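The sequence and structure come first.

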Amino acid sequence: MQLQLISIVLILHCMEYTNCQHQDSKHRQHKQGSGVSSQGCQGGCQTCSVYNGCLTCKPKLFIHLERDGMRQIGVCLASCPNGFYGTRSPDRNDCIKCGSECDSCFNRNFCLRCRVGSYLHKGKCMESCPDGLMPSDTKKECVPACPADCDSCQTSDTCTRCAPGHYLLHGQCHPVCPDEFEPSDLMECIPTVHCEVGEWSEWGPCSRSGKTCGFKWGEETRTRKVLQNPSPMGSPCPTTSDKRECFVKRRRCKPKGQRRGEKKKPFNQQEKENAEARRGRKREREKETIDREASESRNNTEHRRRRDQSRDAGTV
């Protein structure tokens, strides 16, 4: 292969010389000094030509021929570009062009990626997929046909998106989500979340209408916090507040403005007179009640006496 490449280079040199034989002597001298050399080569070249670039490459590098009009220029690369695959031999490493339908390949007979319009199947690029397979425009491959309820799938039994009216769960499509799952806005079955509450707090103070004095019966309250709110189909939260009736020893409420431990201020004179008048009226009402009860008692006694006398007279 190396001898063939050198022969091609020499033929190109001869053609160049024939076409330019009428040029000035300075140009001919420049061409005569442009043969194969190992000095001044760049880009991984081991030997090179001024007009044809790299002729051989340093170890582990691939030589790749790029076309420039009628010329081919050799370059040395660590890996072959798209559309080419690399071959190694003891003498040299070459980049060989893939088949026309391959975008990249492992060798001439095994494609890795296909050009637009073809789909990869077992190393071959095909315009249509075999029976039981379907083309994937995203993967550019022939993939297993999806089940009827799948809109797209990874394999023949693993869906990635469901058909309308179905919900995805673990690679399967369901018309209704199973127990303990519920549908989401993304047409997937997600776990149902139930409400969770904490422990009850201690009972609060016994009170009535916001007060803790001036009554005998009141209410005391306890609460608990919601730890986890439910999903739309989850179990709702139970009550978080509880009340019960309570009994306390009745005590008088302190007047507003009176501090704890401070004695109650005495009434003024008017208040004393009003209090005395209320007590006098109360005594009068009590006396009237006693007199009325005594009068009724006397009347009842007189009535019984007369009735007894009438009974005795009738007997005689």
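The disulfide of cysteine 195 and cysteine 237 is right-handed because the torsion about its S-S bond is about 100°. This pair links distant parts of the chain, 42 residues apart, with cysteine 195 in the loop between β18 (189–191) and β19 (196–197) and cysteine 237 in the loop between β21 and β22. The model is predicted: local features need pLDDT of at least 70, side-chain atom pairs count only at pLDDT 80 or more, and totals for chains, interfaces and linings use all residues. Residues are numbered from 1 along each chain as its sequence is written, and side-chain values use heavy atoms, leaving out hydrogens and water.

**Disulfides**
- The whole structure has 14 disulfides (cysteine sulfur atoms within 2.5 Å).
- The sulfur atoms of cysteine 195 and cysteine 237 are 1.9 Å apart.
- Cysteine 195 counts as buried at 14% relative accessibility, whereas cysteine 237 is partly exposed at 32% (buried is under 20% relative accessible area, exposed over 50%, partly exposed in between; 1.4 Å probe, protein chains only).
- Cysteine 102 and cysteine 111 form a disulfide with sulfur atoms 1.4 Å apart, and both are buried.

**Nonpolar cores**
- The largest nonpolar core has eight residues, including Tyr85, Cys102, Cys111 and Leu120 (buried Ala, Val, Leu, Ile, Met, Phe, Trp, Tyr and Cys joined through side-chain atoms within 4.5 Å).
- A second, separate core of seven residues includes Cys45, Cys48, Cys57 and Cys76.

**Serine 231**
- Serine 231 counts as buried, because its relative accessibility is 15%.
- Serine 231 lies in the loop between β21 (226–228) and β22 (241–247) (strands are DSSP E runs of at least two residues, numbered from the N terminus).

Conventions: Helices (H or I, at least four residues) and strands (E, at least two) are DSSP runs, numbered from the N terminus.
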